[in-house]
Amino acid sequence: MKCTAVLNGCSGDFHSQAGEVRGFLDACPEGPTAGNSIIFYSNDSRKQDLIAHSPTSSLKMVKVKRHYPESALEILTTLERDRVADLYLFPGNFFGSEMAVRFAYRMGGSSLVAVNKLELVENQFICYKAVYANYLQGKFLLRKKPFCLSIAKGSAAVQSSTRKNIQEISEVDMAGFAKEGCGEDYQFTEAETGGGLEQAQFILVAGRGVKSKEKAGRLKEVAGVIGAELGVSRPVAMSAWTPLHRLVGVSGAITKPRLCIAAGVSGAAAFFAGIEQSERIIAINTDEGAPLVQAADVAVIDDYEPVLDELVKLLIRDKKR
Amino acid sequence: MDILVCFKVVPDLDQLAGSDWFIDSLLRVETGYAKTILNAYDESALEMALRFSESAGQSVNLTALTIGDEKADIYLKTLYALQFAKAVRIENSVEARFSPEAVASVICRYVELYGKQDLLIMGRQSGVGDNAKTPLLAAEMLKWPCITQVTRVEPGEASRLKVTAMVDGGLVQQTVRTPCVLAVGNVPNAYLRVPTLKEKYACGKKEIEVMDLEQFGLQGIFNCFDTGCELQGLALIDRNREGVIVQGATPAEKARALYDAYLKEWLEQL
Ligand SMILES: Cc1cc2nc3c(=O)[nH]c(=O)nc-3n(C[C@H](O)[C@H](O)[C@H](O)COP(=O)(O)OP(=O)(O)OC[C@H]3O[C@@H](n4cnc5c(N)ncnc54)[C@H](O)[C@@H]3O)c2cc1C
Ligand SMILES: Nc1ncnc2c1ncn2[C@@H]1O[C@H](COP(=O)(O)O)[C@@H](O)[C@H]1O
């Protein structure tokens, strides 16, 4: 089965989009073969870098003024009028999860968002994705082609090496095209970066059990002292105790640290998906029955504050030695 | 200005312990004993609509719509108390967890028949299907523009809105013309306000509008809609690890035990 990957080269996360698509396809050896990539871009100075990181050796570069979904969808639908692919694969970022669904609708196909695995069994196309707030894995048979999927964030091992054997590049200039009526006064502000939770080797995660904005601020200091990056659960982020970019879980960062300490977090599945790829997990919780206690390697059942205070002392002591 | 907010009432799945999960041979999952909650994104969507109507400086007509059974009625009552002009439930007790195409069709039919809506506000994703598709499909069906991951909406000039939304790597502020669809993302400090007793009392007798699918010519839609995507299996994801509990008489003692037996070595390996 031929697959076309669709990527957004206008945004700063292009390398991880491309690496994710490659990693995802590599993990499905009996699945589709990567055929072609369609890459939207706006900045000529980045073009060579985008080409070098393309997930496939055959690609189409589509120049646009900037990424605007309404325009991108019209362009993509026009380009793929005589659709050659049965499968369109989109990355797991905001761009991909929106485009997969809307493009499928326009092409009369079927879509699924956040797919973590796919299989081709006797010509049947099977996709897996987490459902029921991440407690269950769902298995779906897709029937209407083209199949348009976005990848579940963090589910693929990112393969981000450059490619030397680019064979076929075609170009389309759509920079003059814009859909009317939307996206006036478009102003982009780059996000504060979360210190790279996704890349961090050691994270300290604070949950609702930390109780207040002040205490969450104190944990930020503790994280600094012990050399960890601070992450938080949804209630902490939604109460604005910390900035949103610290959110860990399906709605935030999917982390892959070597060590994770989670304090005052119950361990709901939508949260746990954000730390489950940690090599080691330590839970600190007053409630022995909290799901995270069983899902951790080691747990301390107690108030997180005196426990962390003592750990900080021990760490400082050993650092001085 | 007429605003339609679509919301869903969902079971609080975090209340189910590992042993509570039961998937039967027809792939049904019993969630009846978990309490219901407003889908998290929809709660923000409803609050966002209320804030918008307060800041609009023009009259705003708010309608709340849900497709589901009578479990939603107490939420609809609350929305009346919070000054929603209309609270509508389209009766459905048929399984619709993986049918966002059908849900979007019903919402669009409502807009076409009863609508003249200027703005459709929805959550970006809802349980238990976690589809993250309905607002996108509704926008496609209505041929309205759609903005996803919305965090803020303010009135603009001449049937325009100022919308702030998250995009990959940042935030975008833009002006859009109505009608349009907004899919609400993660919004800090946007829990739904609680009505006062007086507000509750004032609308106590106001009836929820319950409609059925036949009124829309869509009877049976949830039984026969072909989404091109068929559920074939459901399995509980096992996430348990060793869960060793560190012993000690005081928090400090436990911390030392943790440090000596595990943490010290793990930190050295970093
Ligand atoms: C569609 C959807 C997406 C979601 N996405 C995410 C997501 O990305 N990230 C996320 O985190 N959640 C997400 N959630 C929410 C998730 O389901 C849980 O509600 C949330 O993770 C709970 O956060 P918590 O563990 O901090 O709070 P709680 O569940 O309230 O747990 C607090 C814990 O702190 C413990 N505690 C209390 N006091 C102390 C103390 N002094 N010392 C130590 N422990 C203490 C308690 O025993 C309890 O276990 C999502 C939900 C949905 C429906
Ligand atoms: N049964 C329903 N009734 C009303 N709105 C719904 C319903 N199901 C989904 N929605 C809306 O669609 C959004 C996304 O849902 P979903 O596509 O199922 O993840 C939700 O946040 C709601 O705003």
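Q: Is A:Pro243 buried, exposed or partly exposed?
A: This is a predicted model. In it, A:Pro243 has a relative accessible area of 37%. Buried would need under 20% and exposed over 50%, so A:Pro243 is partly exposed.

Q: Where does A:Pro243 lie in chain A?
A: In a loop. That loop runs between α6 (234-238) and β13 (259-263) of chain A.

Q: What separates the C-alpha atoms of A:Pro243 and A:Glu192?
A: A distance of 8.9 Å. Along the chain, the two are 51 residues apart.

Q: Switching to A:Asn285. Buried or exposed?
A: A:Asn285 is buried, because its relative accessible area is 10% and the cut-off is under 20%. A:Asn285 sits in strand β14, residues 280-285 of chain A.

Q: What does the side chain of A:Asn285 reach?
A: The backbone nitrogen of A:Asp287, at 2.8 Å.

Q: And which residues is A:Asn285 in contact with, leaving aside neighbours within four places in sequence?
A: A:Val265, A:Ser266, A:Ala290, A:Val293, A:Val300, A:Ile301 and A:Asp302.

Q: Zooming out. How many helices and strands does chain A have?
A: 9 helices and 15 strands. The radius of gyration of chain A is 22 Å, close to the 20 Å that the globule rule gives for 321 residues, so chain A is as compact as a globular protein of that length. The C-alpha atoms fill a box of roughly 65 × 45 × 40 Å along the principal axes.

Q: What share of chain A is buried?
A: 58% of the 321 residues. The accessible surface of chain A is about 12,900 Å², and carbon and sulfur atoms hold 47% of that.

Q: How about charges in chain A?
A: There are 38 positive and 37 negative side chains. The centres of the two sets lie 1 Å apart.

Q: Over to chain B. Why is helix α4 of chain B described as largely enclosed?
A: Because 8 of the 9 residues of α4 (residues 134-142) of chain B are buried. Among them are B:Pro135, B:Leu136, B:Glu140 and B:Leu142.

Q: What covers the buried residues of α4(B)?
A: Pieces of both chains. From chain A, the cover includes α3 (69-79) and α4 (94-107). From chain B, the cover includes α3 (100-114), β6 (119-123), β7 (146-155) and β10 (180-184).

Q: What comes just after α4(B)?
A: B:Lys143, with a positive phi of about 60 degrees.

Methods: Residues numbered from 1 in each chain as written. Chains lettered and ligands numbered in written order. Predicted model: local features only at pLDDT ≥ 70, side-chain atom pairs only at ≥ 80, totals over all residues. Heavy atoms only, no water. Helix = DSSP H or I, 4+ residues; strand = E, 2+ residues; numbered from the N terminus. Rg over C-alpha atoms; globule rule 2.2 N^0.38 Å. Buried < 20%, exposed > 50% of the residue type's maximum accessible area, 1.4 Å probe, protein only. Areas by Shrake-Rupley, 256 points an atom, 1.4 Å probe, with all protein chains shown as cover. Lys, Arg positive; Asp, Glu negative; His and termini not counted. Charge placed at Lys NZ, Arg CZ, Asp CG, Glu CD. Polar contact = N/O pair within 3.5 Å; in protein donor to acceptor, adjacent residues only side chain to side chain. Contact = heavy atoms within 4.5 Å.
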